[in-house]
Amino acid sequence: MLHCVDEAAVRAFSRALQHAGFAFELAVGGGAIRLYLPDIDPSDPPHRHRFWTRAGLDAFAPDVVTGLAGAIAEAAVRGTIPRSFFRAIERFDRAALERRTDVLLEAIGVDLEQERAQGAELRAQLAETRREVAALQADLDASLRLMEEEADRRDDREQRLVEAKARAHDAEQQVAALRSAVEARSRGRGLSPPQREALAADVEGGDPTPEQCLEVLMCLYGERVAILESARDSARRAEGFKHGERLLDLLVRLATDYWRRMVDGGGDAQAKEVFGDRAFAAKESRTAMDNDRARRERTFVHRGERHVMWRHLRIGASDTTEDSIRVHFDWLADERQILIGHCGEHLYLPSFGM
């Protein structure tokens, strides 16, 4: 037993241990006790050699000597047990278990090969069942997709029906308005033959020509629009245009919703709300507006005053008047009128390369 009488002795003992290759954690502090077990080695973990601090010794009060002796005895017994003792016991127990198992298997006559064969058969059955389940799941998924597609088609048909009913109602309202307009005009003043033909074509559901569209517009909204002869000439040359109903719809919007916005001071900024994103343009490209020929073809004279009509409605993008048409117009603020100068083929642009 080594007893360090003072702090200097403790430090000297710690330095001696470190000099011998032991870690600092294997030293002992002042007022503490450490039990160094036999066969101490520098590679030993510190916890193998039990350590009691001064505070730990106080826990044994009032009989410090008795408590400490019991703890030291317990630690000494644990520390002197060979390190491989418990591993040897584990090996012994495992070997005994294996022997008992072998005896048990032999006693009940288990045929391992038969068990393996049965297991293989069960696995094959399980695989077949999984394939059947996968096929059933695939059929179920396909059925659900068909049901969803049919539901989508049904919703689409219902939506188209609602839209068709709305269009039919609008058409009925338009026909009624046209008939009222024809009766009112007939009572007030006579209609020209072209106007009667145009109104009749629209009322009877035909597809009016561009010239007839202009005549209908004058019959209904003559106080809001002024149509130059150049517009009638260009419309006459575009008689093969195949989308007269759409053109008439844009012209009616021009004389109603657009006209009201211009009267209220809304300006072209609100035109897209009337015509949509593609049917109206307030100007051409900068290249076109700087081009002499493009400006000249869009300049029209009304009552001795020249009007450059960059504003236009557009249908189609081809270079034929069967599928494409342009309506160029200007806003006469003082007269609260829309002046239409052209209703026909696409006018010249520098990009045409002509």
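C213 is buried, with a relative accessible area of 0% (buried means under 20% relative accessible area, exposed over 50%, partly exposed in between, with a 1.4 Å probe and protein chains only). The model is predicted, so local features need pLDDT of at least 70 and side-chain atom pairs count only at pLDDT 80 or more, while totals for chains, interfaces and linings use all residues. Residues are numbered from 1 along each chain as its sequence is written, and side-chain values use heavy atoms, with hydrogens and water left out.

**Cysteines**

- The count of disulfides is zero, a disulfide being a pair of cysteine sulfur atoms within 2.5 Å.
- The closest cysteine sulfur to that of C213 belongs to C343 and lies 7.1 Å away, which is too far for a bond.
- C343 also counts as buried, at 0% relative accessibility.

**Packing of α7 and α9**

- Helix α7 covers residues 210-221 and helix α9 residues 244-263; helices are DSSP runs (H or I, at least four residues), numbered from the N terminus.
- The two helices pack at an angle of about 30°, with their axes 9 Å apart; axes are lines fitted to C-alpha atoms over the stretch in contact, and angles run from 0 to 180 degrees between N-to-C directions.
- α7 and α9 are therefore roughly parallel to each other (angles under 35 degrees).
- On the α7 side, P210, C213, L214, V216, L217 and Y221 meet G244, L247, L248, L251, V252, A255 and T256 in α9, where contact means heavy atoms within 4.5 Å.
- The residues of this contact divide into eleven nonpolar, two polar and no charged, with Gly counted among the polar ones.

How values were computed: Angles under 35 degrees count as roughly parallel, over 145 as roughly antiparallel, 65 to 115 as roughly perpendicular and the rest as oblique.
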